[in-house]
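Try each task before reading its solution.

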Amino acid sequence: MAEGIDRNLFSLRANCHRFQRRISLENQLLGACAMAANTGTVVELVGSNEQTILPEWVDLQKKAGSLQTGRISEGELLSQSREFLHLLRDGLARGGTDASNPAYGPAKQLLADISRSRALQGFSPGETATFIFSLKQPLFNTLNRNTALSPAQASELTWSVTLLLDELGIFTLEVFQKSREEVIVRQQREIAELSTPVVKLWDGVLALPLIGTLDSQRTQVVMENLLQTIVETEAQIAIIDITGVPTVDTLTAQHLLKTVAAARLMGADCIISGIRPQIAQTMVHLGVELNVVSKATLADAFAVALDRTGRAVIKLRKTAAGSDKNLKPVEKGL
């Protein structure tokens, strides 16, 4: 008797589990059907109301100041907006409201191109994000004007569209930020190269004026520029002028020594100029030894360089009062 009751209980539990699984599958199917129906509704609304959504969206972008800077024309803004609206409709039709769906690839590619171009044109993050976020209001207005939707359906569609546009907006800002960082890094590299020019003072004599802090990255740029110019000009002397370097600590001295050592390997001797009294005191206090000829001014270093290359700067004397036509050198040397 007890065994029969146990079997009946086991059979009843098994039937309950099967019934629960069936209900769960039916609910999932109903949910998927409802989502598909909602997505279809959004696609239909976007497609049938494009002539209303597009001008309203462009007008909102204008009010946000997208055209005030003059970086983009109204025709270009209209073209970008129309193209994205078409791609958004295609993404909704094939991928629903899931922004991670591959169907949104073309739309994301367009957003990435727009973000990069605006980053290069100097747009702010807010101005770039407005392109996506200003689309919310026209879409919401379209949903509210549709009397065929119940309040619950309108609310659900609004929430789905909100999440979709938020994800696309975040994607736009991420691409914009990455593009701006690339621009900043490139500009820093270009500024570093421009701030370390190698100047030819005389045949076989180069000057490298340094301005600002000398860190590891900049040392690499300095070294490359100097070595390349030594090869091109076959220079014998390189004057490194640190008049514009605010402070010289142990790390800065190490960078200078690396540059001097690299130049020597290329067959050029180095002279350091521009060591001010404060820098000299700091270097003595730190126990820093450069082990290279140093001079207080660039003129003194240049005179040493000329002497090492067998040249000299001489004064001229006048042979007739007030006449500049009969100038003769005091001694030969040029």
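A salt bridge is taken here as a side-chain nitrogen of Lys or Arg within 4 Å of a carboxyl oxygen of Asp or Glu. The model is predicted, so local features need pLDDT of at least 70, side-chain atom pairs count only at pLDDT 80 or more, and totals for chains, interfaces and linings use all residues. Residues are numbered from 1 along each chain as its sequence is written, and side-chain values use heavy atoms, with hydrogens and water left out.

**Exercise 1.** Determine which parts of the chain the salt bridge between Glu127 and Arg71 ties together.

Solution. Begin with the distance: the side chains of Glu127 and Arg71 meet in a salt bridge at 3.8 Å, N to O. Glu127 belongs to helix α5 (residues 125–133), whereas Arg71 sits in the loop between α2 and α3, so the pair joins parts that are 56 residues apart in sequence. Finally, consider accessibility, where buried means under 20% relative accessible area, exposed over 50%, and partly exposed in between (1.4 Å probe, protein chains only). Glu127 is partly exposed at 22% relative accessibility, and Arg71 is partly exposed at 32%.

**Exercise 2.** Locate the partners of the salt bridge between Glu74 and Lys62, and state how exposed Glu74 and Lys62 are.

Solution. The N to O distance for the side chains of Glu74 and Lys62 is 2.4 Å. This pair links distant parts of the chain, with Glu74 in helix α3 (residues 74–95) and Lys62 in helix α2 (residues 50–63), twelve residues apart. Glu74 has a relative accessible area of 45% and is partly exposed, and Lys62, with 30%, is partly exposed.

**Exercise 3.** How many residues apart are Arg116 and Asp113 in helix α4?

Solution. The closest N and O atoms of the salt bridge between Arg116 and Asp113 are 3.4 Å apart. Because Arg116 and Asp113 are three residues apart in helix α4 (residues 105–121), about one helical turn separates them. Arg116 is partly exposed at 39% relative accessible area, and Asp113 is partly exposed at 37%.

**Exercise 4.** Decide whether Thr162 is buried or exposed, and list its contacts beyond its neighbours within four places in sequence.

Solution. Thr162 lies in helix α7 (residues 151–194). Its relative accessibility is 15%, so Thr162 counts as buried. With contact meaning heavy atoms within 4.5 Å, and with neighbours within four places in sequence left aside, Thr162 touches Lys136 and Phe140.

Note on methods
Helices (H or I, at least four residues) and strands (E, at least two) are DSSP runs, numbered from the N terminus.
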